[in-house]
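Good morning, everyone. Please take a moment with the picture before I start.

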Amino acid sequence: MLGLGVSWSFLDVAAAAPKDPAAARPTPGDRLVFVLGDKKGQVVKVEDLTLEGPQELAYPMDPATKVVRDASRLNQVLLIRLDPAELAPDARANAADGVVAYSAICTHQGCDVSQWKPDTKMLLCVCHGSEYDPRDRAKVTFGPAPRRLAMLPVKTDGGVVIVAGPFKGKVGFMDL
Amino acid sequence: MKATKALPICTALLGGCLSVAAAYGAGYTPVTDARLANPEPGNWLMTRGNYQGWSYSSLDQINPGNVKRLVPVWAVSTGVTSGHQAPPLVNNGMMFVSTPSAQVLALDAKTGNVIWRYKRELPEDFSALHNTNRGVALHGDKVYVTGLEPVLIALDAKTGSVVWEAKLEDYHTGYYSTMAPLIVNGKVLVGVSGGEFGVRGFVAAYDAETGAPAWKTYTIPGPGDPGGNTWPSDTWKRGGGATWMTGTYDPDTKLVFWGVGNASPWFGDQRPGDNLYTASTIALDPNTGAIKGHFQYHWNDSWDWDEMNAPIVVDYKMGGKTVKGLLKPARNGYLYWLSRSPSGIGFVHATNYVKQDVFKSIDPNTGRPTYNDANKPGTGKKASFCPSLWGGKDWPFEAYNPKTGMLYIPANENHCGFLDGKVQEYVPGKWWTGVDIPDIGFTVSKDATFFGDVQAWDVSAGAKVWDWKVPKSMMWGSILTTGSGLVFVGGTNDRKFRALDGKSGQVLWEFTTNSGIIAPPVSYTVDGKQYIAVASGWGVDAQFQQGLLSNLLPGWDKSIPEGGVIWAFAVQ
């Protein structure tokens with residue numbers, strides 16, 4: 001069993017370190033850039049995010065090389081700015097200035113969690129209506145999603161949102 | 001990337017299964033064009049049983065007198081959750097059935113023993129609105145299935161190993177595929193999904209033996225093509241018109257009839273014009289892909305009323321004359337009687353089979369509707385309409401019984417919707433309908449006495465004969481009718497599989513399965529004994545809609561048990 005565990009760990013490390021930096025997972029120090037809208041491609045600042053939502057979609061960017069890590073959709077994250085007092089402790093621990101970041105890939109079938117439900121202030125998947133609470137570590141509150149979204153720890157520096165650590169939780173969904 | 005793996009069951013069961021596979025390998029009966037044109041009563045060789053799309057089995061051992069003694073004889077878990085929408089195909093005792101994510105199981109149709117299993121690994125960043133699969137196709141000694149990516153895969157029927165693969169399109173641009181291929185004249189015809197992601201739909205054909213591309217016909221004409229002037233500027237490039245259900249084929253006129261889905265984005269004012277061939281049936285030459293004719297059910301679609309189901313090919317009487325015809329219960333809530341000829345499709349008659357408040361009139365010569373403008377949503381124009389975007393019926397199959405001339409429709413009544421459109425930024429592969437999810441409304445009448453509704457129509461009389469109304473469920477079941485006059489249907493949220501009397505609509509038999517049934521039932525024989533088979537596995541739109549209903553109607557379960565099982569039943 002031990003041998004098996006070691007070999008699987010090795011595979012995980014190999015899978016998590018692809019050669020293409022644009023496909024590598026978000027890395028501490030990465031900036032985040034807008035996927036959509038007027039500021040598409042620009043670095044996300046706290047002031048760009050509307051307080052209490054909706055969320056914005058972003059990809060991580062290596063600040064040194066300016067490589068945007070958009071070669072895998074699994075790198076797509078959502079950012080939302082909330083009242084820090086509303087955040088559950090484990091969400092607050094990975095937030096900065098009320099900004100929280102989660103994987104934008106629905107845990108049901110991998111669609112974009114790109115929609116916003118203004119009446120209940122929930123994150124909403126575009127395909128099958130799963131809802132997640134951004135204040136409570138993206139816990140599922142409705143729909144077929146089996147699991148909360150992975151959280152991406154962030155910090156801020158001079159108003160710029162910066163990746164503070166790797167994803168916490170599983171990104172993506174299970175197929176067969 | 002190596003993306004496929006065939007899993008011979010031999011690895012689990014060692015030598016025992018090798019002998020099973022070898023036995024089937026030796027005895028496998030190739031599926032010829034002639035057999036597809038005249039399938040034997042004991043086999044189920046294509047999605048709807050025959051080219052004409054009847055969902056009819058002439059078998060009559062199981063009849064209204066003995067159906068009460070129908071019991072399960074075997075069941076197999078598929079190992080997959082989500083919506084199972086594929087009919088099992090049967091060729092001389094060997095069954096082939098697909099599951100979500102393009103898994104294919106080959107089973108002994110008599111015992112349920114697994115002969116082989118094909119699984120496919122999706123790219124890690126893949127996603128689709130529906131990960132379902134609506135069935136395989138058979139030809140020669142091969143089994144064909146569409147993979148989501150989208151890709152067409154040919155498997156060896158005897159072993160499940162991959163013979164060839166053909167990439168249909170790039171999934172990063174929103175295309176995917178879930179439909180069952182159609183085999184005509186040695187070609188495999190396939191369609192694509194993606195009408196919510198700004199694709200340009202098409203039907204494509206591949207050589208069944210080699211996988212070489214034969215033709216590709218877009219459902220959205222470009223500038224200079226016939227119908228190209230129904231699209232302003234470059235809206236045709238992302239015009240939708242997905243082709244996500246299997247076509248039907250008429251060996252007489254040698255035409256394939258294929259359904260074309262909604263226009264994209266959803267709001268007609270963003271693409272003024274008729275928007276051919278969205279919300280239409282097109283008639284294709286299967287050898288060349290040339291469009292020989294079309295009929296558009298509603299122009300400038302603004303309701304997400306895909307007309308993706310092909311009409312069924314039926315001759316009927318109308319005004320004292322026999323019409324070589326087509327029948328189509330449309331998603332827009334109308335039942336259409338059409339005519340077919342080598343030159344295309346003609347309009348004969350239409351009447352609504354559920355309440356519909358959008359059409360003001362239908363031209364008696366052309367079938368073209370006029371609209372109540374207040375019920376046509378647009379950009380910045382919120383409007384309500386009935387039925388909702390799921391339509392009078394969605395994709396589940398109606399069935400036609402040639403012995404009685406009856407058409408059985410799995411309908412939904414007493415539901416409406418609203419849409420409030422906007423201009424959305426186009427990003428390849430992203431949702432691009434012109435509406436945010438919270439602005440898609442679904443409403444039901446709390447006073448309604450029923451929602452799901454199996455309807456029986458006398459085709460030549462043009463009249464409804466009976467309804468089987470379902471008080472506490474929508475109807476998501478495809479229908480099978482048989483030579484003994486039975487009607488088999490699942491589709492309800494109570495997980496039941498039922499047999500109705502085709503003459504009266506009376507429920508003669510029911511059985512509670514593992515999950516909800518949204519797959520088409522089939523019938524076949526092995527060693528002279530009749531079986532009924534169906535997959536039970538609730539998911540996709542039925543599940544999504546059930547979730548919405550649980551918020552609207554007290555006592556409706558939020559979730560129905562999930563997980564696929566293939567069932568076979570026989571009379572004991």
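What share of the 572 residues of chain B count as buried? The figure is 57%. A residue is buried if 20 or more other C-beta atoms lie within 10 Å of its own, exposed if 12 or fewer, and partly exposed in between, with C-beta atoms placed from the backbone.

Some ground rules. This is a predicted model, where local features need pLDDT of at least 70, side-chain atom pairs count only at pLDDT 80 or more, and totals for chains, interfaces and linings use all residues. Residues are numbered from 1 along each chain as its sequence is written, and chains are lettered from A and ligands numbered from 1 in the order in which they are written.

Now, confidence. The model scores ipTM 0.85 and pTM 0.93. pLDDT is the predictor's confidence in each residue, from 0 to 100. Chain B has a mean pLDDT of 95, with 95% of its residues at 70 or more. Residues 9-23 of chain B have pLDDT below 50, and this stretch has 15 contacts in the model beyond near neighbours in sequence. Two residues are in contact if their C-beta atoms, placed from the backbone, lie within 7 Å. For chain A the mean pLDDT is 90, and 89% of its residues reach 70 or more. Residues 1-16 of chain A have pLDDT below 50, with one contact beyond near neighbours in sequence.

Next, chain B as a whole. It has four helices and 39 strands. Helices (H or I, at least four residues) and strands (E, at least two) are DSSP runs, numbered from the N terminus. The radius of gyration of chain B is 22 Å, close to the 25 Å from the globule rule for 572 residues, so chain B is as compact as a globular protein of that length. That radius is taken over C-alpha atoms, and the rule is 2.2 Å times the number of residues to the power 0.38. Along its principal axes, the C-alpha trace of chain B spans about 65 × 55 × 50 Å. Of the contacts in chain B with a separation of 6 or more, 62% join residues 24 or more positions apart.

Let's look at one helix. Helix α4 of chain B covers residues 540-552. Its 13 residues should span 18 Å at 1.5 Å a residue, and its end C-alpha atoms are 19 Å apart, which agrees. The expected span is 1.5 Å times one less than the number of residues. Buried residues of α4(B) include V540(B), D541(B), A542(B) and L549(B). Part of their cover is β30 (440-444) of chain B. Why does V540(B) count as buried? Because V540(B) has 24 C-beta neighbours inside 10 Å. V540(B) also has a positive phi of about 40 degrees, although it is not a glycine.

K254(B) has a positive phi too, near 55 degrees. K254(B) sits in the loop between β16 (248-250) and β17 (255-259) of chain B. With 14 other C-beta atoms within 10 Å, K254(B) is partly exposed.

On to chain A. It has two helices and 10 strands. Of its 176 residues, 44% count as buried. Where is A138(A)? In the loop between β7 (131-133) and β8 (139-142) of chain A. A138(A) counts as buried because it has 26 C-beta neighbours inside 10 Å. Among the residues A138(A) touches are Y102(A), L123(A) and R148(A). Y102(A) is in contact with V77(A) and L78(A), among others.

Y102(A) brings us to the core. The largest nonpolar core has 207 residues, and L78(A), L79(A), Y102(A), V136(B) and V188(B) have the most contacts inside it. A nonpolar core is a set of buried Ala, Val, Leu, Ile, Met, Phe, Trp, Tyr and Cys residues joined through C-beta atoms within 7 Å.

Two cis bonds to find. One joins G53(A) and P54(A), with omega about 5 degrees. P54(A) lies in the loop between β1 (31-34) and β2 (56-61) of chain A. The other runs from E149(B) to P150(B), with omega near 10 degrees.

Last, how many residues of chain A are in contact with chain B? There are 23, and they meet 22 residues of chain B. The chain A side divides into nine nonpolar, 10 polar and four charged residues. Here Ala, Val, Leu, Ile, Met, Phe, Trp, Tyr, Cys and Pro count as nonpolar, Asp, Glu, Lys and Arg as charged, and the others, Gly among them, as polar.

Terms used: Lists of a residue's contacts leave out its neighbours within four places in sequence.
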